[in-house]
Amino acid sequence: MKKVKIPVLKTTLDRELAAEYGVEGLSACPMMREGQVFYADYAKPEGMCDEAWKAVYQYAFALAHGAGEGLFYYGDWIRKPGVAICSCNDGLRPVIFKLEATGEDSRIGYEPVR
């Protein structure tokens, strides 16, 4: 299993939707910042938003287990092997992530019970 690099590319705010549905003073996500970098494999990296992790974990898991050799979805989505561009599921202020396979080995962060 390899580590997956997950930088935050962009924090956004859909002003039109926020004006109609958001609370007064809503701004881009306060939990993540552009340029922040996480490393993951099978588990959520420390400090990453739980909801963001739920939205991207399947790509991190796939990349950690070798999906980086080819293109996702038959090559009709991302043109670079070993890369996925994903966002969290906040429809008013989504955070955009780049998930990228690395050659760095991952280590299990727990003691197996067996």
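Me: Which strands are included in what covers the buried residues of helix 2?

Reply: The general idea is that cover is read from contacts, where contact means heavy atoms within 4.5 Å, and that a residue is called buried under 20% relative accessible area, exposed over 50% and partly exposed in between (1.4 Å probe, protein chains only). In this structure the cover of the buried residues of helix 2 includes strand 1 (2-11), strand 2 (37-40), strand 3 (83-87) and strand 4 (95-105). The model is a predicted one, in which local features need pLDDT of at least 70 and side-chain atom pairs count only at pLDDT 80 or more, while totals for chains, interfaces and linings use all residues. Residues are numbered from 1 along each chain as its sequence is written, and side-chain values use heavy atoms, with hydrogens and water left out.

Me: How many helices and strands does the protein have, and what pattern do they follow along the sequence?

Reply: Helices (H or I, at least four residues) and strands (E, at least two) are DSSP runs, numbered from the N terminus. Here there are two helices and four strands, and along the sequence they follow the pattern β-α-β-α-β-β.

Me: Where does helix 2 bend, and by how much?

Reply: A bend at a residue is the angle between axes fitted to the seven residues ending there and the seven starting there. Helix 2, which spans residues 50-64, bends by about 55° at Val56, and Val56 is also one of the buried residues of this helix, together with Ala52, Trp53, Ala55, Tyr59, Ala60, Leu63 and Ala64. After the helix comes Gly66, whose phi is positive, near 105°.

Me: Which residues have the most contacts inside the largest nonpolar core?

Reply: A nonpolar core is a set of buried Ala, Val, Leu, Ile, Met, Phe, Trp, Tyr and Cys residues joined through side-chain atoms within 4.5 Å. The largest one here has 23 residues, and those with the most contacts inside it are Ile6, Met32, Met48, Val56, Phe97 and Leu99. Two or more residues come from each of strand 1, strand 2, helix 2, strand 3 and strand 4, with helix 2 giving the most, namely eight residues. Ile6, when residues up to four places away in sequence are not counted, touches Gln36, Val37, Phe38, Ala40, Met48, Trp53, Ala60, Phe97, Lys98 and Leu99.

Me: Does Cys86 count as buried or exposed?

Reply: Cys86, in strand 3, counts as buried because its relative accessibility is 7%. Leaving aside neighbours within four places in sequence, Cys86 is in contact with Val56, Tyr59, Trp77, Val95, Ile96, Phe97 and Leu99. Cys86 and Ala52 are 34 residues apart in sequence, and their C-alpha atoms are 9.4 Å apart.

Me: Why does Asp76 count as exposed?

Reply: Asp76 lies in the loop between helix 2 and strand 3 and counts as exposed because its relative accessibility is 64%. Asp76 and Ser87, eleven residues apart in sequence, are 18 Å apart in space from C-alpha to C-alpha. Another exposed residue is Glu111, with a relative accessible area of 70%, placed in the segment after strand 4.

Me: What share of the residues in the protein is buried?

Reply: Buried residues make up 32% of the 114 residues. Among contacts between residues at least 6 apart in sequence, 61% join residues at least 24 apart. The C-alpha atoms fill a box of roughly 50 × 35 × 25 Å, taken along the principal axes.
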